[in-house]
Amino acid sequence: MPNYVLLLRNDGEAWKKLSPEEMQQKVEKYLAWRNKPFVVDGAGLVRDTGRVIRAKSDGGVSVTEGPFSESAEVMGGFYTIEAADYDEAVKLSLDIPHIGLGTMEIRQVMVYNT
Amino acid sequence: MQESGSPVLLEHLFRREAGRIVAWLAGLLGSANLQLAEDAAQEAMLRAAQTWPFQGIPPNPEAWLFRTAHNYAISFVRRSAVFQGKADALVAVLETRAQPTLDLDAEQSLRDDELRMVFMCCHPKLAPDVQVALSLKLVGGFSTEEIARIFFSEQTTIAQRIARAKRLIRDQNLALAMPSSTQLQQRLNSVLKVIYLMFSGGYAAHSGEELIRSDVCLEALRLGKLVASSSLGAPRVDALVALMALQAARLPARTDASGDLVVLEEQDRKLWDDNLIALGFSYFDRSIAGDDISEWHIQAAIAATYASAASSAEIDWAGILEHYDQLMELTNSPVVALNRAVVVMKVHGAEAALAALIPLDGNNALQKYHLLPAMQGHVLAALERFDEATAAFSAALQCDCTLPEKRFLQRQLEMVSAQRHSA
């Protein structure tokens, strides 16, 4: 079965509206979802600006802090799941309690058929 | 994934730790930096909520939250211009108590931090409703939105109230320290009042919000126990804890499946929480150890009398009436007088209850309080004065009350009108 990567971006302002109790309820729902058998992998990303590496016109390399501001949606982490197709991947992802707290992007992981 | 065992967080861990972290950091940074303490606690919760879903719960979630809040506070003090000149000193203070190990000593010192925070929230310069809201926010870890839901207020009203209180704390330098011994007893009394106001706020019957309401009751009970187990413990504190535990025990039986009120005598006693009843009685026993007799003692004695009856038919109403007489002598409160009238009816009948209600007519404190006309209606109906009873229940329905209360009154009104037609 193909793998799909779900990229989760956080809307900082939406998160800040939650009370501690509501945050805990969210965490519990995420973890319950994460423990489902179709979830292959996942990792969180440290919430900082990160680094962006680009080529410079003079042939050198530029390293800058990420273009992320407090209000912009920041990549929070990713999950890898197994699903038959995009329809199923979307259906499984709708159970993540992330709706309203940012966006989710789903991409199929490419494999070569040998 | 690797850790496939279902991880479990302690119930209310985030809410509880938010309060403890604020009390701890504010204790280190001083009440002038209350906002930073709150921001650091919120940041720790946010980071946990945004990373734990992927990484799983860390081995020691409490320590993780404390460490994250502590690191945030240090880096904020270092980079913010506000702390110019004072930054090094504040960082040094923060580093003296880096990362509590959460052993027994640390646990005790955290309790002291919380206690100081409760006492600051109950400072006499703050109005009682502000004291309640601030305690729920800073110590209880409730959000302004949740507090607004509990007290049926607008969120902006609660937010402004809390903001004003925090400004006052900063501007007037209200310290996070226990009051001096001359004021301590007085402040303890207002702390007990605030804790009971908090409890009553949660206990008031409202439809739909049962969970958050019982959370507030249990938070008030927890704060009562916190004070009782501290060096400030006194028989009247034990009495308050007993009262709250015995009343909280009845929460599951107080509304039926459709959210309607069930009066005490009709409650299914099997639904009462046995652990809370046992807790209530053990605190009640401790409370009568000294000579101290407070309002809380008598209220707890009333609750204990209800709880110790094997069935509603066996309630010792005469004993309860004696307690109410004592309570009247002590408080002279119109609300107590009204509740006493209910008991008078049980012991001496409706005529006597009607007589007991007469002095309350036109009492300012009971204006708009639906229970006075409701009780008048109840008594008048028992005396078969149905027209007057109908008028009284209709008046009760004009008062501010919650939906379950309205439905209850509506049912009474219908019963009276049925009796009138069959009479």
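Me: Hi! What should I know about the model and its numbering before I start?
Reply: Residues are numbered from 1 along each chain as its sequence is written, while chains are lettered from A and ligands numbered from 1 in the order in which they are written. The model is predicted, so local features need pLDDT of at least 70 and side-chain atom pairs count only at pLDDT 80 or more, whereas totals for chains, interfaces and linings use all residues.

Me: Thanks! How many helices and strands does chain A have?
Reply: Chain A has three helices and six strands. Helices (H or I, at least four residues) and strands (E, at least two) are DSSP runs, numbered from the N terminus. Going from the N terminus, the order in chain A is β-α-α-β-β-β-β-α-β.

Me: And is chain A spread out or compact?
Reply: The radius of gyration of chain A, taken over C-alpha atoms, is 17 Å, well over the 13 Å that the globule rule gives for 114 residues, so chain A is more spread out than a compact globule. That rule is 2.2 Å times the number of residues to the power 0.38. Along the principal axes, the C-alpha atoms of chain A fill a box of roughly 50 × 50 × 20 Å.

Me: What share of chain A is buried?
Reply: Buried residues are 23% of the 114 in chain A. A residue is buried if 20 or more other C-beta atoms lie within 10 Å of its own, exposed if 12 or fewer, and partly exposed in between, with C-beta atoms placed from the backbone.

Me: Which strand is hardly covered?
Reply: Strand β4 (residues 61-65) of chain A: among its five residues, the count of buried ones is zero. β4(A) pairs with strand β3 (residues 51-55) of chain A in the antiparallel sense over five bridges. Two strands pair if DSSP finds at least two bridges between them.

Me: What do β3(A) and β4(A) form?
Reply: They form a hairpin with five residues between them, and A:Gly59 in the turn has a positive phi of about 95°. A:Val52 has A:Thr64 in β4(A) as its bridge partner.

Me: New topic: what is the strand order in the open sheet of chain A?
Reply: The four strands run β2-β5-β1-β6, with antiparallel pairing. β2 and β6 (102-108) of chain A stand at the edges with a single partner strand each, so one side of each has no neighbour in the sheet. On average, neighbouring strands are turned by 20° against each other, direction ignored.

Me: How many bridges join β1 and β6 there?
Reply: Strand β1 (residues 3-10) of chain A and β6(A) pair over seven bridges, in the antiparallel sense. A:Tyr4, for one, has A:Gln108 in β6(A) as its bridge partner.

Me: Which helix packs on that sheet?
Reply: Helix α3 (residues 86-93) of chain A does, touching β1, β5 and β6 of chain A. Its direction makes about 150° with that of β6(A).

Me: Last one: how many residues of chain A are in contact with chain B?
Reply: 22 residues of chain A are in contact with 26 residues of chain B. Two residues are in contact if their C-beta atoms, placed from the backbone, lie within 7 Å.

Me: And what gives the most to that side of chain A?
Reply: α2(A) gives the most, with ten residues. α2 (20-34), β2 (39-44) and β5 (74-82) of chain A each supply at least two residues.

Methods: Axes are lines fitted to C-alpha atoms, for helices over the stretch in contact, and angles run from 0 to 180 degrees between N-to-C directions.
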